[in-house]
Amino acid sequence: MIDRNQTCTGQDSVPYMSCLIHIFEEWFGVDQLEDYLNFANYLVWVFTPLILLILPYFTIFLLYLTIVFLHIYKRKNVLKEAYSHNLWDGARKTVATLWDGHAAVWHGYEVHGMEKIPEGPALIIFYHGAIPIDFYYFMAKIFIQKGRTCRVVADHFVFKIPGLFRWLYEKFRYPFAPIYGGFPVKFRTYLGDPIPYDPKLTAEELAEKTKNAVQALIDKHQRIPGNIMSALLERFHKSQNSH
């Protein structure tokens with residue numbers, strides 16, 4: 001505000017900024033423009049840190065969505081054909097493509113040894129981490145490449161769920177468990193050689209043979225103990241040849 005005895009020039013002149021605000025007030029025909037500018041400056045002061053923190057993550061999220069969208073778009077003809085024959089089949093292929101896109105973007109997911117899956121019925125013994133997200137990726141990959149679905153059989157881990165989570169499982173029969181991790185580390189699934197059916201083997205012998213085969217894959221392909229930083233750096237390495 002400028003008092004009546006003050007001017008923009010002369011001995012009793014006001015600061016330049018106050019004079020400029022007064023000119024704008026007369027120009028736009030508004031009062032208290034300085035208060036509006038102070039409030040706007042306060043908003044900038046409050047929201048600038050939020051923008052600087054959120055904007056990079058928002059940009060990364062948009063890039064992620066763009067890549068997933070392009071991953072789906074390149075399969076548009078396959079999805080369109082699936083929907084034209086059967087709505088349910090088209091929906092399943094769309095969901096599988098979404099999971100496959102997420103796997104490719106977030107974890108650079110690879111499956112080695114897909115050709116080892118028999119044409120007929122088979123039981124795939126699979127182990128995973130705290131959450132079976134890599135198995136979801138694997139199911140999506142099988143459905144996309146071979147058009148086959150997997151039926152899941154839960155292990156005894158559901159009876160070892162801690163605290164409240166055990167009660168939730170007994171109540172709803174859904175394996176609730178604490179979720180942690182989620183780092184964009186490299187994911188690879190290795191399929192071992194199939195174990196043919198042998199009627200001479202007992203159930204215990206077959207279980208032991210399967211356990212040894214899985215352990216052999218772990219010893220060959222898994223680094224123990226694991227390291228998050230090393231797993232992140234593997235995203236930049238060349239893909240390994242199929243085994």
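Buried residues make up 21% of the 243 residues in the protein chain. Buried here means under 20% relative accessible area, exposed means over 50%, and partly exposed lies in between (1.4 Å probe, protein chains only). The model is a predicted one, in which local features need pLDDT of at least 70, side-chain atom pairs count only at pLDDT 80 or more, and totals for chains, interfaces and linings use all residues. Residues are numbered from 1 along each chain as its sequence is written, and side-chain values use heavy atoms, with hydrogens and water left out.

The protein chain holds eight helices and two strands. Both kinds of element are DSSP runs numbered from the N terminus: helices are H or I, at least four residues, and strands are E, at least two. The order from the N terminus is α-α-α-α-β-α-α-β-α-α. Contacts were counted between heavy atoms within 4.5 Å. Of the contacts in the protein chain with a separation of 6 or more, 65% join residues 24 or more positions apart.

Confidence was taken from pLDDT, the predictor's confidence in each residue, from 0 to 100. The mean for the protein chain is 78, and 70% of its residues reach 70 or more. Strand E1 (residues 110-112) has the highest confidence, at 93. Helix H6 (residues 163-172) has the lowest, at a mean of 63. Over residues 1-6 the pLDDT is below 50. This stretch has ten contacts in the model beyond near neighbours in sequence. Where pLDDT is low, the predicted coordinates should not be read in detail.

Helix packing was examined next. Two packed helices are described by the angle between their axes and the distance between the axes. Axes are lines fitted to C-alpha atoms, for helices over the stretch in contact, and angles run from 0 to 180 degrees between N-to-C directions. Angles under 35 degrees count as roughly parallel, over 145 as roughly antiparallel, 65 to 115 as roughly perpendicular and the rest as oblique. A crossing is left-handed if the near helix is turned anticlockwise from the far one by less than a right angle, and right-handed if clockwise.

Helix H3 (residues 76-85) packs against helix H4 (residues 87-107) at an angle of about 155°, and their axes are 5 Å apart. H3 and H4 are therefore roughly antiparallel to each other. The crossing of H3 past H4 is left-handed. H3 contributes Leu79, Ala82, Tyr83 and His85 to the contact. H4 contributes Leu87, Asp89, Gly90, Ala91, Lys93, Thr94 and Thr97. The residues of this H3 and H4 contact comprise five nonpolar, four polar and two charged. In this scheme Ala, Val, Leu, Ile, Met, Phe, Trp, Tyr, Cys and Pro count as nonpolar, Asp, Glu, Lys and Arg as charged, and the others, Gly among them, as polar.

H4 also packs with helix H5 (residues 133-146), at an angle of about 125° and with the axes 8 Å apart. That makes H4 oblique to H5. H4 passes H5 in a left-handed crossing. On the H4 side, the contact residues include Asp89, Arg92, Lys93, Trp99 and His107. On the H5 side, they include Ile133, Tyr136, Tyr137, Ala140 and Phe143. The contact of H4 with H5 divides into nine nonpolar, three polar and five charged residues.

Lysine 93 lies in helix H4 and is partly exposed, with a relative accessible area of 23%. Leaving aside neighbours within four places in sequence, lysine 93 is in contact with Arg75, Leu79, Ala82 and Phe143. Lysine 93 and alanine 140 are 47 residues apart in sequence and 8.3 Å apart in space, C-alpha to C-alpha. Histidine 107, also placed in helix H4, is buried, with a relative accessible area of 4%. Not counting residues up to four places away in sequence, histidine 107 touches His102, Tyr137, Phe183, Pro184, Val185, Lys186, Phe187 and Arg235.

Two further residues lie elsewhere in the chain. Isoleucine 125 sits in the loop between E1 and H5 and is partly exposed, at 48% relative accessible area. Lysine 209 is found in helix H7 (residues 203-221) and is partly exposed, at 42%. Lysine 209 touches Ile195 and Leu201, not counting residues up to four places away in sequence.
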